[in-house]
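Please read the following explanation alongside the sequence and the model. It moves from a sheet to the helix across it, and then to selected side chains.

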Amino acid sequence: MTAGAQRLAGGEAIYRTVLPGGLRVVTEKLPAMRSAAFGIWAGVGSRDEDVLHAGATHYLEHLLFKGTARRSALEISAAMDAVGGELNAFTAKEYTCYYARVLDEDLPLAIDVLCDMVTGSLLEPRDVDAERGVILEEIAMNEDDPADLVHEAFGAQLFGDTPLGRPILGTVESINSITRDRIAEHYRARYTPDNLVIAAAGSLDHEHVVELTRAAFGASLLSGDAEPVPPRLSGPAAEATRSGVAVGTGVRLVSRPVEQANLVLGCGGLARTDPRRFALGVLNAALGGGMSSRLFQEVREKRGLAYSVYSFSSQHADTGQWGVYAGCLPAKTEEVLAICQDEIAKVIESGLTDEELDRGKGQLRGSIVLGLEDPSSRMSRLGKSELVYPRLEPVEEILAEIDAVSHDQVREVASLVLGQRMALAIVGPFDDDGAFGAALAS
């Protein structure tokens, strides 16, 4: 095993090595697989952007596929297509990931291609101009999808005009105004070895992945004894925060001539490492996480008011979101909103029944375990944990935390989170938000 490699997460075959310059390599061996997933995780997301760099993180996600000194954009895609591999990327609020999934025998190719992309992108002016149009089309596509748009509007209402409240894609104005030099500046500042994590899972050998990564990064690692950037356990707090919980309230109406109204009613949630997140997860599953949940039963099954209705919970370093989504006929919006508010009030007052508590735990446990049944999800767990958690929590430890959730803990977190004043975002054919504001205040 490579010198300095650490074995992590109890009995799982997970190893971690830190290379010169602070580059971390974390792998998990899955012997029964014939494939492997490889990802490069950068500790930069849209919340790290100031006004001058708004949209730069997602812009870079596009540009890193456009060519290096060794490969053109076509050669990058053709190399992966030739072996039947998958190659993609995504940008989030607090991190960015470039990833590939290939047959185990083609893992060296995937490592070489992805490392070349991340360390050697040319950021040619002509590519910046071409991708500007592509990103503007992506923004337009998002604007045309009411379900996406209402979630974005909810985030903006909750966190305001802060990096966390702004869209990951940027805006039409920010994308049109950002220059190649600004994007390159963001690239040089954020894509350094100490802010990157290599994660891989599947049919692999840790030492082999380390050596392939070392060779692929080459001179990029020759930066002395830099330590890895610490996990993102806190960040630039949104302006409207209190004890780690965002408190943005009020109504945001996005008027659109659509056939179905889309609404999100919610509030600030818990930070990513808050120990009460397990109780909130169980509560969320029971209230709006499945076909047996209260919201689904009351809104869809008993009254037929919506096709889609669910609750959700998401976490960031220092805050989070909790909310209810529903899509319904515009004429039914106020009724659906009233039912959602009523169910929230009931769970704050009385908590869950024994059956709901057990069902919520089972649903949460199942989603976690079933979500880790392939190399890609295992790779994502490694990369994300290295960037944003103080340590990699063993799966069995997480399941034990869920099993330990009690009625008292559920009632406490319901009061803390769901008991806040709510924010409401609506996308629909409405001209006035007055009625919704009145309903929210009542």
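Predicted model: local features only at pLDDT ≥ 70, side-chain atom pairs only at ≥ 80, totals over all residues.

Val 264 has Ala 425 in S14 as its bridge partner. Strand S11 (residues 261-268) and strand S14 (residues 423-428) run antiparallel and are joined by five bridges. Strands of a sheet pair through backbone hydrogen bonds, in either a parallel or an antiparallel way.

S11 and S14 belong to an open sheet of five strands, ordered S10-S14-S11-S13-S12, with mixed pairing. At its edges are strand S10 (250-255) and S12, each of which pairs on one side only. From one strand to the next, the twist averages 15°.

Helix H5 lies across S10, S11, S12, strand S13 (320-328) and S14. Relative to S11, H5 runs at about 30°. One of the residues in H5 is Leu 158. Its relative accessibility is 1%, so Leu 158 counts as buried, the cut-off being under 20%. Leu 158 and Phe 38 are separated by 120 residues in sequence, and their C-alpha atoms are 35 Å apart in space.

The aromatic side chains come next. How many aromatic pairs does a search of the whole structure find? The search finds eleven. A pair of aromatic rings is described by the distance of the centres and the angle of the planes. Phe 90 and Tyr 95 form an edge-to-face pair, with 6.4 Å from centre to centre and 80° between the planes. Phe 90 is partly exposed, with a relative accessible area of 30%, whereas Tyr 95 is buried, with a relative accessible area of 11%. Another edge-to-face pair consists of Phe 154 and Phe 312, at 6.3 Å centre to centre and 90° between the planes. This pair links distant parts of the chain, since Phe 154 is in helix H5 (residues 146-159) and Phe 312 is in strand S12 (residues 306-315), 158 residues apart. Phe 154 is buried, with a relative accessible area of 0%. Phe 312 also counts as buried, at 14% relative accessibility.

Phe 90 and Tyr 95 also belong to one aromatic cluster with Trp 41 and Tyr 99. A ring is involved in a further arrangement with a charge: the charged end of Arg 272 sits over the ring of Tyr 389, 6.0 Å from the ring centre.

Another arginine, Arg 24, is found in strand S3 (residues 24-29). Is Arg 24 buried or exposed? At 1% relative accessibility, Arg 24 counts as buried. The side chain of Arg 24 reaches the backbone oxygen of Val 229 at 3.4 Å. Leaving aside residues up to four places away in sequence, Arg 24 touches several others, among them Arg 16, Thr 17, Val 18, Asp 194, Asn 195, Pro 228, Val 229 and Glu 386.

Most residues other than glycine have a negative phi. Leu 123 has a positive phi of about 50° although it is not a glycine. Leu 123 is found in the loop between helix H3 (107-120) and helix H4 (125-143). With a relative accessible area of 5%, Leu 123 is buried.

Note on methods
Residues numbered from 1 in each chain as written. Heavy atoms only, no water. Helix = DSSP H or I, 4+ residues; strand = E, 2+ residues; numbered from the N terminus. Buried < 20%, exposed > 50% of the residue type's maximum accessible area, 1.4 Å probe, protein only. Polar contact = N/O pair within 3.5 Å; in protein donor to acceptor, adjacent residues only side chain to side chain. Contact = heavy atoms within 4.5 Å. Phe/Tyr/Trp six-rings, centres within 6.5 Å; stacked < 30°, edge-to-face > 60°. Lys NZ or Arg CZ within 6 Å of the ring centre and 35° of its normal. Pairing = 2+ DSSP bridges. Axes fitted to C-alpha atoms, helices over the stretch in contact; angles between N-to-C directions.
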